[in-house]
Amino acid sequence: MEKLLDNQDSLTIRVDDLCLDVETAAGDQRRILHPLQLEITESRVAVIGSNGSGKSTLLRLLAGLAQPTAGEVRFSPTRPSTGFIFANPQAQLVMPVVGEDIEFSLRQRIKQRAERRRRAEEILRGLGLADRIDSSVYELSSGEAQKVALAGVLATEPGLVLADEPTTLLDLRNAAEFQNRLLDLDVPLVVATHDLEFAARADRVLVFHEGHLAFDGAPAPAVAHYRRLALG
Ligand SMILES: Nc1ncnc2c1ncn2[C@@H]1O[C@H](COP(=O)(O)OP(=O)(O)OP(=O)(O)O)[C@@H](O)[C@H]1O
């Protein structure tokens, strides 16, 4: 498969005593992420756990989309630009036409319009979407839309990709293809997923349970740990 990005510098993510409290509707404080220590150097990390266990919370904190109550996330050598992929790709397509959407993501890096179009074509071709450049984003299937969302993320040349249940809306074939694309990126990936086969292909798996990190290690024991937690 064609390599889409080339990330030479290895990234280290250090999470120090990170925790997050939220205010409930009743006005009480509720801790949704308990103090967390982590050092991530692996390039493919999966985050698994039951609904409400804290997976998205961790991703949002890593992305800087939420501010921790305490603790911090540090990146070495520097904080990378981060691309975020959501479960529902339509939530992140901002322009009505596929090519325009990718060009929008390129506007900071490439000032010349013709050059933006050329790069958009190149990125879409790399994802097998060359023939969709002039399509309306509203007529895409979920599988195509998720690939366009990925194209938009790749256009920003991220140093880290965070994906929150990116294959939830995809059928078996599209999910498998999209997973391959994510795992094939030359950029570190942290992905929250309920797909345990996908998680099993990561270098390291974090299992969350009720806002705590319940297991951290290789995929096979991590998945077994999660099964015990979830199914008893
Ligand atoms: N801003 C918020 N205010 C109040 N509660 C929140 C907020 N964000 C998350 N929560 C709660 O924190 C808990 C963890 O949520 P989170 O979205 O991280 O879970 P998750 O593991 O990603 O779940 P899922 O698998 O369902 O996506 C949930 O109980 C959720 O309702």
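Guide: A polar contact is a pair of N or O atoms within 3.5 Å; within protein, one must be able to donate a hydrogen and the other to accept it, and residues adjacent in sequence count only if both atoms are side-chain atoms. In Gly 52, a backbone N or O atom is 2.7 Å from an oxygen atom of the ligand. This is a predicted model, in which local features need pLDDT of at least 70, side-chain atom pairs count only at pLDDT 80 or more, and totals for chains, interfaces and linings use all residues. Residues are numbered from 1 along each chain as its sequence is written, and side-chain values use heavy atoms, with hydrogens and water left out.

Visitor: What lies 3.0 Å from an oxygen atom of the ligand?
Guide: A backbone N or O atom of Gly 54 does. The side chain of Asn 51 also has an N or O atom 3.0 Å from a ligand oxygen.

Visitor: How much of the ligand's accessible area does the protein cover?
Guide: The protein covers 64% of the 640 Å² that the ligand has on its own. Accessible areas come from the Shrake-Rupley method with a 1.4 Å probe; for residues, only the protein chains shown count as cover.

Visitor: Which residues come nearest to the ligand?
Guide: There are 14 residues around the ligand, and Gly 52, Lys 55, Ser 56, Thr 57 and His 194 come nearest. A residue counts as near if one of its heavy atoms lies within 4 Å.

Visitor: Which element gives the largest share of that shell?
Guide: Helix 1 does, with four residues. Helices (H or I, at least four residues) and strands (E, at least two) are DSSP runs, numbered from the N terminus.

Visitor: Is Lys 147 buried or exposed?
Guide: Lys 147, in helix 4, is buried, with a relative accessible area of 11%. Beyond its neighbours within four places in sequence, Lys 147 is in contact with Leu 127, Leu 129, Glu 177, Phe 178 and Arg 181.

Visitor: What about Arg 119, buried or exposed?
Guide: Arg 119 belongs to helix 3 (residues 113-126) and counts as buried at 17% relative accessibility. Apart from neighbours within four places in sequence, its contacts are Leu 106, Ile 110 and Glu 157.

Visitor: Where does Glu 157 lie?
Guide: Glu 157 is in the loop between helix 4 and strand 6 (160-164). Its phi is near 50°, a positive value in a residue other than glycine, and at 36% relative accessibility Glu 157 counts as partly exposed.

Visitor: Lastly, which peptide bond is cis?
Guide: The bond from Ser 76 to Pro 77 is cis, with omega near 10°. Pro 77 lies in the loop between strand 4 (70-76) and strand 5 (82-85).

Definitions and conventions
Buried < 20%, exposed > 50% of the residue type's maximum accessible area, 1.4 Å probe, protein only. Contact = heavy atoms within 4.5 Å.
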